[in-house]
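The sequence and structure follow.

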Amino acid sequence: RMARGNQSGIKRRSGNAGAIVPSKKQKVSDGSIVMRKGGSNSLIPAGIRRTSNLEAPIMQLGNHDGEVYTAKFSPDGRSLASGSFDKTIFFWDVYGECQNYNVLRAHKNAILDIHYAVDGQSLYSCSADKTCIVWDLKANGVQRRFREHTAIVNSCHPARRGPELVATASDDTTAKIWDTRSKRSVTTLKHAAPVTSVTFNDNSSKLFTAGLDNDIQCWDLAANKLEYTMRGHHETITNISLSPDGNFLVSNSMDNTVRIWDVKPFVSQRYDTREMTVLRGAMHNYESNLLKCSWSPDGKRIAAGSADKFVYVWDVAAGSLLYKLPGHKGSVNEVVFHPDPQEPIIASCSSDRTIFLGEINPSS
């Protein structure tokens, strides 16, 4: 089942589950015929300098039956998982012909966020069905289901180190922390408005939350209290993400800005000194999707989803837009970087029910 009908210059690979690539007769803009790579059906426009080990510079994946809200690379970079309105999680090979090799089903409503565990052995997912699930990827089934939330669970995020904790954020105005060995939450943090996104700091001693009140809050988990609040956004914050080194946070908001915040512990507690950079370009619209944002593994780039159907990538140091990439026919809900700094690959997922894998230039 393809999410899109066949287009001129596009064909499905024989025996392939989902990936489509440019067909053999397609020409590049300078008129040169595309070159065939080895004995495969992968086609590369003549003269293009390849920067990754993808089968082709762009691969399109399209087996979902609904909007694709979230996608993540596995820690080893060999697989991509995607979560959809169709209540399924698909797993794709990143390399070769991008086969759709596995499907997980257990949620009863749209899947809004997924994250791999650090060791890649588990996957966390949350859903509009008010639950968060821990999946055992070796057993290919549900390891634990968390049910305490009383409304949509918008976001989930595992701790980077320490005990196997996962945090969740919900429309029920709470963020909860769970120990994966127990069915009950270990901490509940109450907010004044629905919570849309959550992430731990680097050593899991603090939790960052954001939501409909336009603020980012930092919670001290040892004391179980609010430590500080970062203000600057003027509309709902749809996602927050911690930098690889743990020193910075990026946020995406319905005010059509993406902002970088300094969350190092020694920064002044005044909120206005923590905002570092405002990045512009990415758009939100009437759909009010919870558009996400992410860091490259070297921390030098930031990417964000956008309702205008483009993929946006910025340079962190310069605060400048590096890429505005077309291709999707619906809102781009998430853009993520491949975990290997030597593989400059991004994945984007969209309300058009498709996923693109594409290579960009490496960081300088």
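Is Asp113 buried or exposed? In this predicted model, Asp113 is buried, with a relative accessible area of 2%.

## Overall make-up

The protein has 32 strands and zero helices. Of its 364 residues, 57% are buried. The exposed surface comes to about 15,200 Å², and carbon and sulfur atoms supply 49% of that area.

Contacts between residues at least 6 apart in sequence were also examined; 45% of them join residues at least 24 apart.

## Asp113 and its partners

Side chains of opposite charge can pair when their charged atoms come close. Asp113 forms a salt bridge with Lys72, with 3.4 Å between the closest N and O atoms. Asp113 belongs to strand E10 (residues 111–116) and Lys72 to strand E6 (residues 68–73), so the pair ties together parts that are 41 residues apart in sequence.

Lys72 also counts as buried, at 10% relative accessibility. A network of salt bridges links Lys72, Asp113 and Glu334.

## Other salt bridges

The whole structure holds 13 salt bridges. One of them joins Lys176 and Glu148, whose closest N and O atoms are 3.2 Å apart. Lys176 lies in strand E16 (residues 174–179), whereas Glu148 lies in the loop between strand E13 (141–146) and strand E14 (153–158), so this pair ties together parts that are 28 residues apart in sequence. Both residues, Lys176 and Glu148, are buried.

Lys206 and Glu227 form a salt bridge at 2.8 Å, N to O. Lys206 is in strand E19 (residues 206–211) and Glu227 in strand E21 (residues 225–230), so parts 21 residues apart in sequence are tied together. Lys206 counts as buried at 18% relative accessibility, whereas Glu227, at 33%, counts as partly exposed.

How values were computed
Residues are numbered from 1 along each chain as its sequence is written. This is a predicted model: local features need pLDDT of at least 70, side-chain atom pairs count only at pLDDT 80 or more; totals for chains, interfaces and linings use all residues. Side-chain values use heavy atoms; hydrogens and water are left out. Helices (H or I, at least four residues) and strands (E, at least two) are DSSP runs, numbered from the N terminus. Buried means under 20% relative accessible area, exposed over 50%, partly exposed in between (1.4 Å probe, protein chains only). Contact means heavy atoms within 4.5 Å. Accessible areas come from the Shrake-Rupley method with a 1.4 Å probe; for residues, only the protein chains shown count as cover. A salt bridge is a side-chain nitrogen of Lys or Arg within 4 Å of a carboxyl oxygen of Asp or Glu.
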